[in-house]
Amino acid sequence: LNALLTVLDDDFLSSLSTEDKHPHPTFLAWRKKIDPLKRALHERHLSEAAPLISRIEESLRFLFSRLDGYQSDLLDTRPHDIQRIAFDYLPDTLKEYLKLPESLARSASIRQGGTAEMHLLEQLTLLDQTLHDFSRSLFVEDAKGLLIHGRFLREKFNHERVVAINDPMTKEAP
């Protein structure tokens with residue numbers, strides 16, 4: 001079951017980035033901020049980070065395109081959390097890692113066991129999963145509108161009534 005959910009989630013995420021031909025200005029501002037950090041990380045040949053950062057990017061592209069029209073209640077922290085992840089938490093995570101000497105970041109064990117590289121990947125995975133969950137929940141909320149509209153149409157145009165009106169055999173004699 002988990003493997004199936006992973007495949008479905010991968011399909012969900014991959015479809016997010018392909019639909020938006022004109023990225024939201026907030027997404028473009030984020031890319032401008034994150035691109036130098038991505039290049040610096042790439043220069044360290046940390047191949048495990050690239051797919052995580054790509055997934056984060058796909059989620060942010062989707063989320064920023066939806067947030068302008070998103071009507072949340074006052075207690076919903078998602079819009080604020082998305083902004084903080086994009087512009088604070090992710091860049092800070094990458095900056096902290098990039099401060100470390102490359103060879104030590106890969107090999108030296110640090111406080112809670114594991115290397116700095118392992119901790120970076122763990123933090124990127126957490127941010128990726130959080131943004132994915134936000135994307136999924138926003139999609140579900142958008143899809144609820146379609147379901148509500150369908151219910152309205154079924155109530156408005158009850159199938160049996162439509163058939164009865166159009167069926168010449170059901171017309172009553174005067």
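The numbered points that follow concern a predicted model.

1. The residue T93 is found in helix α4, which covers residues 78–99. Its relative accessible area is 12%; because buried means under 20%, T93 counts as buried.

2. What lies 2.7 Å from a polar atom of the T93 side chain? It is the backbone oxygen of Y89.

3. Neighbours within four places in sequence being left aside, T93 is in contact with L120, Q123 and L127.

4. The count of aromatic pairs comes to 2. In the pair formed by F27 and W30, the ring centres are 5.7 Å apart and the planes stand at 35 degrees, so this pair is tilted. The class follows because planes under 30 degrees apart count as stacked and those over 60 as edge-to-face, with the rest taken as tilted.

5. Both residues of that pair belong to helix α2 (residues 25–43). Because F27 and W30 are 3 residues apart there, about one helical turn separates them. F27 is buried, and W30 is buried as well.

6. The other pair consists of F64 and F87, with ring centres 6.2 Å apart. Their planes are at 45 degrees, so the pair is again tilted. This pair links distant parts of the chain: F64 lies in helix α3 (residues 49–67) and F87 in helix α4, 23 residues apart. Both F64 and F87 are buried.

Definitions and conventions: Residues numbered from 1 in each chain as written. Predicted model: local features only at pLDDT ≥ 70, side-chain atom pairs only at ≥ 80, totals over all residues. Heavy atoms only, no water. Helix = DSSP H or I, 4+ residues; strand = E, 2+ residues; numbered from the N terminus. Buried < 20%, exposed > 50% of the residue type's maximum accessible area, 1.4 Å probe, protein only. Polar contact = N/O pair within 3.5 Å; in protein donor to acceptor, adjacent residues only side chain to side chain. Contact = heavy atoms within 4.5 Å. Phe/Tyr/Trp six-rings, centres within 6.5 Å; stacked < 30°, edge-to-face > 60°.
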